[in-house]
Amino acid sequence: MNMMFNLVVVVQVISALSIIALVLLQHGKGADMGAAFGSGASGSLFGATGSSNFMSKSTGVAAAIFFGATLALSLMANQRATTVGGGVMDKVTKPVPTTGAGAIPSTAPAPAAPVTGVPASTLPAAPAAAAPATPAGTIPK
């Protein structure tokens with residue numbers, strides 16, 4: 001699978017480079033602009049372009065190969081994501097509840113003195129842990 005993926009990437013890069021080269025080598029419409037105004041070739045500006053030549057046909061073939069390789073890469077990437085373990089959102093961990101039935105009790109120490117310059121000895125002591133509640137009408141032992 002990995003070798004096939006690399007082969008398709010190479011085909012895609014080669015087709016992209018060939019599209020760039022073929023487009024840059026082609027004769028543009030703007031080259032006949034001077035002939036369009038006053039030289040008797042009035043149909044060359046907005047008229048029919050005529051039959052396509054080898055360069056334009058090979059550009060179309062390279063574009064079709066590029067789009068096919070892109071489609072193949074997207075299908076391979078999608079298949080790889082489902083076989084490896086799902087997408088990006090499947091790897092997100094669920095947050096730990098801080099309140100409610102599934103809450104994990106905090107074992108963090110009491111907060112330190114604020115950074116206001118007040119010495120810790122002048123601050124009141126942290127509140128003591130509350131005693132467990134007893135049901136109404138029962139006497140604790």
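The protein chain has four helices and zero strands, where helices (H or I, at least four residues) and strands (E, at least two) are DSSP runs numbered from the N terminus. Read along the sequence, the pattern is α-α-α-α. This is a predicted model, in which local features need pLDDT of at least 70 and side-chain atom pairs count only at pLDDT 80 or more, while totals for chains, interfaces and linings use all residues. Residues are numbered from 1 along each chain as its sequence is written, and side-chain values use heavy atoms, with hydrogens and water left out.

Of the 141 residues, 9% count as buried; buried means under 20% relative accessible area, exposed over 50%, and partly exposed in between (1.4 Å probe, protein chains only). As for contacts, meaning heavy atoms within 4.5 Å, 67% of those between residues at least 6 apart in sequence join residues at least 24 apart.

S15 counts as buried because its relative accessibility is 5%.

S18 also lies in helix 1, and at 26% relative accessibility it counts as partly exposed. The C-alpha atoms of S18 and A62 are separated by 6.8 Å, although the two residues are 44 apart along the chain. A further pair is S56 and L22, which are 34 residues apart in sequence and 7.9 Å apart in space, C-alpha to C-alpha. S56 is found in helix 4 and is partly exposed, with a relative accessible area of 27%.

Finally, the surface. M4, L7, V11, V61 and I65 make a nonpolar patch of about 440 Å². The elements that give two or more residues to this patch are helix 1 (2-25) and helix 4 (54-84). Which helix provides the largest share? Helix 1 does, with three residues; L7 is found in that helix. Patches are made of residues with over 30% relative accessible area and no salt bridge, with like charges joined within 9 Å and nonpolar side chains (Val, Leu, Ile, Met, Phe, Trp, Tyr) within 5 Å. A salt bridge is a side-chain nitrogen of Lys or Arg within 4 Å of a carboxyl oxygen of Asp or Glu.

Terms used. Accessible areas come from the Shrake-Rupley method with a 1.4 Å probe; for residues, only the protein chains shown count as cover.
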